[in-house]
Amino acid sequence: SIFSQEYQKRMKRSMVRHHAPDVVKAYYQRYRSEAQTRPTALLLLELANQVDLSPALLARLIVECFLEEREASVASRHVLNNMLREPYSIPDLLLAKHVEQCTVNYCCYGPLVNCIKHAVGLEHEDLLRDELRERNLSFLELKTDLILTVDGHIVHWIESKASFGDEHSHHTYLNEQFWSYCNRFGPGLVIYWYGFVSELDCQRGRGILLRDGFPSDIVTLSRV
């Protein structure tokens with residue numbers, strides 16, 4: 001989880017450099033040239049490693065160039081995403097094979113990785129539901145309908161995060177989710193199932209408590 005987060009942040013920082021038109025064109029020309037001389041090689045994986053770019057992101061750039069060359073127009077995001085999810089819908093079968101190699105052979109980016117992350121997130125939400133049911137705690141999908149306490153702090157909602165809570169991701173979640181939950185429902189609990197930077201658990205006074213698992217000391221005060 002930590003490695004994946006750090007890798008994605010590094011890719012975002014270098015995105016501008018890799019998306020420069022002359023750079024993209026060079027990547028595509030190099031791929032087309034080597035595809036003629038070494039069609040069975042792991043061309044996109046090799047190139048991605050050499051230029052320090054995620055194979056899935058490189059595959060996206062190459063497919064985009066291919067479609068622009070073939071259709072003489074910029075491909076829509078919908079068409080592009082569908083081809084990356086289903087590589088053999090790409091009209092060029094050799095390119096389709098190389099794109100598929102990028103999808104199935106890398107652990108941090110791409111459609112397959114997104115599916116795995118989604119599945120892991122759902123698995124941990126189920127785990128949270130099971131923990132609540134075992135304790136006969138009724139709940140709604142957005143919040144509990146009980147008043148609970150954890151470490152002496154009132155809890156009205158619980159958010160499940162199947163990831164490691166680092167500074168960047170936590171502050172993003174604060175701004176995009178947690179503060180709005182506090183405003184709507186009151187104080188709550190965030191569970192980072194893969195741990196978190198301990199210094200981030202500093203908002204208890206403002207209504208946000210962090211844990212790395214379901215709390216064993218949870219207490220039911222009353223029903224809302």
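This is a predicted model: local features need pLDDT of at least 70, side-chain atom pairs count only at pLDDT 80 or more; totals for chains, interfaces and linings use all residues.
A crossing of two helices counts as right-handed if the near helix is turned clockwise from the far one by less than a right angle.

Select helix α4, residues 55–71, together with helix α5, residues 77–85, whose axes come within 10 Å and cross at roughly 125 degrees. The two helices are therefore oblique to each other, and their crossing is right-handed. To see what makes the contact, show the side chains of A59, R60, V63, E64 and L67 on α4, and then those of R77, V79, L80, N81, M83 and L84 on α5.

Next, move to strand β3, residues 157–161, where 5 of the 5 residues are buried, so the strand is largely enclosed by the rest of the structure. In a regular strand the side chains alternate between the two faces of the sheet. Both faces of β3 are covered, with W157, E159 and K161 buried on one side and I158 and S160 buried on the other.

One place to look is W157, whose bridge partner in β4 is G188.

Finally, follow the chain into the loop between β4 (188–192) and β5 (208–211), and select Q203 there. Is Q203 buried or exposed? Its relative accessible area is 15%, and because buried means under 20%, Q203 is buried. Leaving aside neighbours within four places in sequence, Q203 is in contact with W179 and I208.

Terms used. Residues are numbered from 1 along each chain as its sequence is written. Side-chain values use heavy atoms; hydrogens and water are left out. Axes are lines fitted to C-alpha atoms, for helices over the stretch in contact, and angles run from 0 to 180 degrees between N-to-C directions. Helices (H or I, at least four residues) and strands (E, at least two) are DSSP runs, numbered from the N terminus. Angles under 35 degrees count as roughly parallel, over 145 as roughly antiparallel, 65 to 115 as roughly perpendicular and the rest as oblique. Contact means heavy atoms within 4.5 Å. Buried means under 20% relative accessible area, exposed over 50%, partly exposed in between (1.4 Å probe, protein chains only). Two strands pair if DSSP finds at least two bridges between them.
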